[in-house]
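Please read each point with the coordinates open.

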Amino acid sequence: MLARLKEDINCVFARDPAAQSAFEVITTYPGFHAVLIHRCSHWLWLRGFRWAGRYVSFLGRWLTGIEIHPGAQIGRRFFIDHGMGVVIGETAVIGDDCTLYHGVTLGGTSWNKGKRHPTLGNGVVIGAGAKVLGPIEVGDGARVGSNSVVVKSVPMGVTVVGIPAHIVDPKAKQEKARRDAMAQKMGFDAYGATGDMPDPIANAINLMLDHIHQLDKQIADMQQVLNDADINCHRQAMSALDDCEIKDKQ
């Protein structure tokens, strides 16, 4: 038990540069408290003390603002930063070294019994306000951008953003996702997003605009050839597209 506590404290230092001391983490971090309370409620739930487990979970919600159903399965070194408003459903499964920010929901989309909530692989980062809904899987090392809504399974090692969530780089080398989250803090991006992250929708529209520009140039060249051959090619004024490009970077 002491070894698990030490792991939980160390993972806070690894992922939150604001942490100053172990005493501060133990006394003031609601995400740390929520994990400890969940372990108690989960222990009761597994042993058939369902009401007691729910009541301990209820107390944890009241104390921390984080609601974790006692039936949820949570791996090691799980970190909830800030924490307020996090909701984790009964059949959710969370792997090792995962990070959730405030406002995240691991929710269900069905009232039927059985698996209704997401399964997160190892090293997953979910940004603030993101909603991951239904019995879907989020692969190892995947990142979900802030305020995204994920309703389909996410491959390992990719980043998804938007409503509904889209893969930012579908050609990312997924094998690199098998990282050691604690040994390599490198794949960790605060809130699951970076300042230079491209917008997949803007990227798609920009590709279409590039295609239109190429077609426009080819048509202009054809008109010039026809005119040089003394074939009158009537030209109509067209709106310029130079200012239409969607910028997703500064």
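The points below go from the basis of the model to its helices, rings, backbone and contacts.

1. Basis of the model. This is a predicted model, in which local features need pLDDT of at least 70 and side-chain atom pairs count only at pLDDT 80 or more, whereas totals for chains, interfaces and linings use all residues. Residues are numbered from 1 along each chain as its sequence is written, and side-chain values use heavy atoms, with hydrogens and water left out.

2. Overall make-up. The protein chain contains five helices and 15 strands, where helices (H or I, at least four residues) and strands (E, at least two) are DSSP runs numbered from the N terminus. Of its 250 residues, 40% are buried; here buried means under 20% relative accessible area, exposed means over 50%, and partly exposed lies in between, with a 1.4 Å probe and protein chains only. Among contacts between residues at least 6 apart in sequence, 40% join residues at least 24 apart, a contact being heavy atoms within 4.5 Å.

3. The α3 and α4 pair. Helix α3 (residues 30–46) packs with helix α4 (residues 50–64) at an angle of about 170°, and their axes are 7 Å apart. That angle makes α3 roughly antiparallel to α4, given that angles under 35 degrees count as roughly parallel, over 145 as roughly antiparallel, 65 to 115 as roughly perpendicular and the rest as oblique. The axes are lines fitted to C-alpha atoms, for helices over the stretch in contact, and the angles run from 0 to 180 degrees between N-to-C directions.

4. Residues of that contact. From α3, the contributors are Pro 30, His 33, Ala 34, Ile 37, Cys 40, Ser 41, Leu 44 and Trp 45, and they meet Arg 50, Ala 52, Gly 53, Arg 54, Val 56, Ser 57, Gly 60, Leu 63 and Thr 64 in α4. The residues of this contact divide into nine nonpolar, six polar and two charged, with Ala, Val, Leu, Ile, Met, Phe, Trp, Tyr, Cys and Pro counted as nonpolar, Asp, Glu, Lys and Arg as charged, and the others, Gly among them, as polar.

5. Arg 50 and Trp 45. The charged end of Arg 50 sits over the ring of Trp 45, 4.1 Å from its centre; the criterion is that NZ of Lys or CZ of Arg is within 6 Å of the ring centre and within 35 degrees of the ring normal. Arg 50 belongs to helix α4 and, at 44% relative accessibility, counts as partly exposed. Its C-alpha atom is separated by 9.1 Å from that of Gly 71, 21 residues apart along the chain.

6. Aromatic pairs. The structure holds two aromatic pairs, for which rings of Phe, Tyr and Trp (its six-membered ring) must have centres within 6.5 Å, planes under 30 degrees apart counting as stacked, over 60 as edge-to-face and the rest as tilted. Trp 51 and Tyr 55 form a stacked pair, 5.1 Å centre to centre with 10° between the planes, and because they are four residues apart in helix α4, about one helical turn separates them. Trp 51 counts as exposed at 65% relative accessibility, whereas Tyr 55 counts as partly exposed at 38%. Tyr 55 and Phe 58 form a tilted pair, 5.9 Å centre to centre with 35° between the planes. Phe 58 is partly exposed, at 45% relative accessibility.

7. Backbone details to inspect. A cis peptide bond joins Ile 163 and Pro 164, with omega about -10°, and Pro 164 is placed in the loop between β14 (159–161) and β15 (166–167). Phi of His 82 is near 65°, a positive value in a residue other than glycine; His 82 is found in the loop between β3 (79–80) and β4 (87–88). Asn 147 also has phi near 65°, likewise positive in a residue other than glycine, and its place is in the loop between β12 (143–144) and β13 (149–150).

8. Gly 134. Where does Gly 134 lie? It is in the loop between β10 (131–133) and β11 (137–138), and it is buried, with a relative accessible area of 2%. Leaving aside neighbours within four places in sequence, Gly 134 is in contact with Gly 107, Gly 108, Thr 109, Arg 116, His 117 and Pro 118.
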